[in-house]
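Subject: A structure for you to look at

Hi,

Here is the structure I promised to pass on. Have a look at it first, then read my notes below.

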Amino acid sequence: MSGVRFFKKPGIAAVAMAAACTGLITSTAPAQAADCADWGFREMTTRMVISSGDQMGWGGGSGKDSVGPGFWTNGVKTWDGAVTAHITGPNSLSINFTDSEVSWDLVGIIDSQGIATGNVTSIPGATFRSDQAFECNVTGEAAAAAQAPTVTFNPILGGLRVTVADRSGKASQCTYSADNGFTRSFGLGANATTKIDIVPAVPEFRDWAVSVECDNGTRSDVSTFF
């Protein structure tokens, strides 16, 4: 794979026509609820249309993480590669496409209709747009009704114990993040409690900013002196 895929290929209109003839361009899925508070991947092929006229796609998936074989095409030639994609928080999207020669990154957001847009950071000036809507995990109404988890701290031998208690009534996957860059993912059952032991941890005798964000649309921002 090299720069030839961008600089020596048919114009955008010709590429779009060729892609349509090979089934690469699909109609946009019906819009999701405009009050969606949290987005995820759909169980279908996900495609991103690049402003250069190219497309990239992969097998899709569910939840916040999607990893698998993918492709990049200019409508004439297709390159096979691997895709790693993540949705961080409610709607921040990052995608990496890698093959034997290059590694390209797409970074953007998912709008209120479930359409992703953003920049191809490794290709100056290039932007992208998804050709279909993402999956709404939690509507704004449901998120408003769900209470965020409680987060408490207790010092233990050699570190700190974090206790997270669900109040949403729905099982979820959560991420604990502190302002020193430490993160840890964990499961939290419906109305259940999870304990996280951070060991070893050296006290710095300052206030730590901590967030616990769950894929049911809830989030707690707290601080602790440690």
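This is a predicted model: local features need pLDDT of at least 70, side-chain atom pairs count only at pLDDT 80 or more; totals for chains, interfaces and linings use all residues.

Residues are numbered from 1 along each chain as its sequence is written, and side-chain values use heavy atoms, with hydrogens and water left out.

Let's start with Leu 93, which sits in strand S6 (residues 92-98); strands are DSSP runs of E, at least two residues, numbered from the N terminus. Leu 93 counts as buried because its relative accessibility is 2% (buried means under 20% relative accessible area, with a 1.4 Å probe and protein chains only). Ile 109 is 16 residues away from Leu 93 along the chain, yet their C-alpha atoms are separated by 5.3 Å.

Leu 93 also belongs to the largest nonpolar core, which has 26 residues; Met 48, Met 56 and Leu 93 have the most contacts inside it. (A nonpolar core is a set of buried Ala, Val, Leu, Ile, Met, Phe, Trp, Tyr and Cys residues joined through side-chain atoms within 4.5 Å.) S5 gives the most to this core, with four residues. There is a second, separate core of 18 residues too, and Val 151, Cys 174, Tyr 176 and Ile 196 are among them.

Now for the pockets. A pocket is found on a 1 Å grid over the protein atoms alone, as an open set of points where a 1.4 Å probe fits, with protein on both sides within 12 Å along at least five of seven lines; its lining residues have an atom within 4 Å of a point.

What does the side chain of Lys 64 reach? It comes to 3.0 Å from the backbone oxygen of Trp 39. Lys 64 itself is in the loop between strand S3 (55-58) and strand S4 (65-73), and it counts as buried because its relative accessibility is 16%.

The second largest pocket has a volume of about 180 Å³.

Cheers

Technical notes
Buried means under 20% relative accessible area, exposed over 50%, partly exposed in between (1.4 Å probe, protein chains only). A polar contact is a pair of N or O atoms within 3.5 Å; within protein, one must be able to donate a hydrogen and the other to accept it, and residues adjacent in sequence count only if both atoms are side-chain atoms. Grid points are joined across faces, edges and corners, and a volume is the space filled by probe spheres set on the points.
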